[in-house]
Amino acid sequence: MTASHRILHLSDTHLFGDGTLHYGLVDTRIALERVLERAGSLGAVDAVVVSGDLSDDGSAESYRILSGMLEPWAAERGAQVVYAIGNHDLPEPFEEVLGERETVVEVRGLRIVTVDSTVTGAGYGSIDEEQLERLREVLSESAEHGTVVVLHHPPTPPTTGLFESLRLVDPDPLLEACRDGDVRAILAGHYHHALATETDPGYIPLVVAPAVANTVDVLWSEPGDRAVRGSGFAVVDLPDDEPVRAHFVTAPAGDDGDPVYVLSPADVERIAEASGWRGEG
């Protein structure tokens with residue numbers, strides 16, 4: 001199968017501007033280097049899409065490090081880099097280095113639209129009516145090869161308990177806007193594990209990229225939550241007149257599978273109290 005467009009989908013790089021280790025353990029810059037080296041065998045790529053939590057400390061330097069790594073990699077392949085903002089990112093440094101938080105980019109007739117799903121000071125996501133109206137306006141005219149929508153918080157329920165209060169609140173208006181337009185796929189991150197699903201039976205494919213920083217253990221059977229070392233990415237192919245296809249690829253290291261954190265139910269509740277959604281819906 002030959003794809004008309006190919007996207008390298010990265011997420012949750014959690015870079016620090018000063019070299020701090022993520023959770024005191026993971027050098028996320030080295031993890032990103034390993035991911036890009038692994039992705040180097042892809043050949044042609046039309047776009048590199050990064051779906052939020054680009055930084056962990058929100059510093060301008062962390063965004064400069066990210067762009068300094070991704071832009072040359074993409075330029076060698078004639079690809080365009082598209083950045084979406086996540087809940088760990090800070091708007092002002094993000095915009096200072098990477099540009100606007102909501103963008104419309106066209107790559108050889110494929111339109112890529114970013115939506116800012118972040119809520120200031122919170123871990124959960126929300127999209128207001130003004131943003132939805134802007135998206136509807138963009139989608140009111142079809143693109144030659146359709147549209148891909150990118151946001152940080154997936155418009156689908158989480159797999160693990162940690163993200164239950166950190167989910168996208170009321171995703172239905174976003175999904176309705178996407179269904180009414182020419183959206184071929186939605187790309188997201190946030191959950192720190194790979195996930196491919198449909199937003200509704202028979203509707204739009206949703207691809208959640210694995211994180212660069214670590215991997216949430218979706219098979220963890222104890223109360224609470226667990227993440228382990230491990231980095232990966234998604235390759236999203238959008239062939240003309242055929243279904244979207246996504247492949248998830250790991251970028252192995254010798255310490256993959258070692259614990260990064262184990263959260264008790266009390267830890268999860270504290271996170272929910274501090275930055276989670278406490279309302280209805």
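**Exercise 1. What is the order of the strands in the open sheet of 3 strands, and which pairing does the sheet show?**

*Solution.* The model is predicted: local features need pLDDT of at least 70, side-chain atom pairs count only at pLDDT 80 or more, and totals for chains, interfaces and linings use all residues. Residues are numbered from 1 along each chain as its sequence is written, and side-chain values use heavy atoms, with hydrogens and water left out.

Step 1. Strands (E, at least two residues) and helices (H or I, at least four residues) are DSSP runs, numbered from the N terminus. Two strands pair if DSSP finds at least two bridges between them.

Step 2. The order is β10-β11-β14, and the pairing is antiparallel. β10 (215-216) and β14 (259-263) are the edge strands, each pairing on one side only.

Step 3. Between β10 and β11 (residues 225-228) there are 2 bridges in the antiparallel sense. V216 stands opposite A227 of β11.

Step 4. Helix α6 (residues 265-275) lies across β11 and β14, at about 85 degrees to β14. Contact means heavy atoms within 4.5 Å. Axes are lines fitted to C-alpha atoms, for helices over the stretch in contact, and angles run from 0 to 180 degrees between N-to-C directions.

**Exercise 2. Describe the surroundings of R229.**

*Solution.* Step 1. Locate the residue: R229 lies in the loop between β11 and β12 (232-237).

Step 2. Find its polar partners. The R229 side chain reaches the backbone oxygen of L25 at 3.1 Å, and a polar contact of 3.1 Å joins the side chains of R229 and D255. A polar contact is a pair of N or O atoms within 3.5 Å; within protein, one must be able to donate a hydrogen and the other to accept it, and residues adjacent in sequence count only if both atoms are side-chain atoms.

Step 3. Leaving aside neighbours within four places in sequence, the residues in contact with R229 include V26, G257 and V260.

**Exercise 3. Trace the open sheet of 6 strands.**

*Solution.* Step 1. The order is β4-β5-β6-β7-β9-β8, with mixed pairing. β4 (104-107) and β8 (195-198) are the edge strands, each pairing on one side only. From one strand to the next, the twist averages 20 degrees.

Step 2. β7 (residues 183-188) and β9 (residues 205-208) pair in the parallel sense over 3 bridges, with I186 opposite L206.

Step 3. β8 and β9 run antiparallel and are joined by 4 bridges; here L206 is the bridge partner of T197. The two strands form a hairpin with 6 residues between them, and G202 in the turn has a positive phi of about 80 degrees.

Step 4. Helix α4 (residues 129-139) lies across β4, β5 (110-114), β6 (147-150) and β7, at about 175 degrees to β5.

**Exercise 4. Which residues are closest to the centre of the largest pocket?**

*Solution.* Step 1. On a 1 Å grid over the protein atoms alone, a pocket is an open set of points where a 1.4 Å probe fits, with protein on both sides within 12 Å along at least five of seven lines; lining residues have an atom within 4 Å of a point.

Step 2. The largest pocket holds about 390 Å³ of space. Of its 20 lining residues, Y23, N87, H88, L162 and L166 are the closest to its centre.

Step 3. At least two residues of this lining come from each of β14 and α6.

Definitions and conventions:
Grid points are joined across faces, edges and corners, and a volume is the space filled by probe spheres set on the points.
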